[in-house]
Amino acid sequence: MRCWLKQDALKSWQYQSWIFVRDPAFRPKAARVLDLYTRTFDGTALGEDGT
């Protein structure tokens, strides 16, 4: 693997990228998704089957 990366012209560890959120409604949209990770929806805890 190391030899393959050495021969390749792409060196991903030398590049740095930034993501700029341009959507003004990003925070509420992201909050809905993050709530599902904590197993809640609109402030209500979800059951084991997701309902």
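Helix H2, covering residues 26-37, is twelve residues long and spans 17 Å from its first C-alpha to its last, close to the 16 Å expected at 1.5 Å a residue. This is worked out on a predicted model. Just past the end of H2 comes arginine 39, whose phi is positive, at about 60 degrees.

As for the rest of the fold, the chain carries two helices and two strands. Read from the N terminus, these elements come in the order α-α-β-β.

Now to the charged side chains. Opposite charges on side chains can pair when the charged atoms come close. The structure has one such salt bridge, and it links aspartate 23 to lysine 29. The closest N and O atoms of aspartate 23 and lysine 29 sit 2.7 Å apart, and the pair counts as a salt bridge because that is within the 4 Å cut-off.

What share of the chain's residues counts as buried? Of its 51 residues, 0% do, with buried taken as under 20% relative accessible area.

Terms used: Residues are numbered from 1 along each chain as its sequence is written. This is a predicted model: local features need pLDDT of at least 70, side-chain atom pairs count only at pLDDT 80 or more; totals for chains, interfaces and linings use all residues. Side-chain values use heavy atoms; hydrogens and water are left out. Helices (H or I, at least four residues) and strands (E, at least two) are DSSP runs, numbered from the N terminus. The expected span of a helix is 1.5 Å times one less than its number of residues. A salt bridge is a side-chain nitrogen of Lys or Arg within 4 Å of a carboxyl oxygen of Asp or Glu. Buried means under 20% relative accessible area, exposed over 50%, partly exposed in between (1.4 Å probe, protein chains only).
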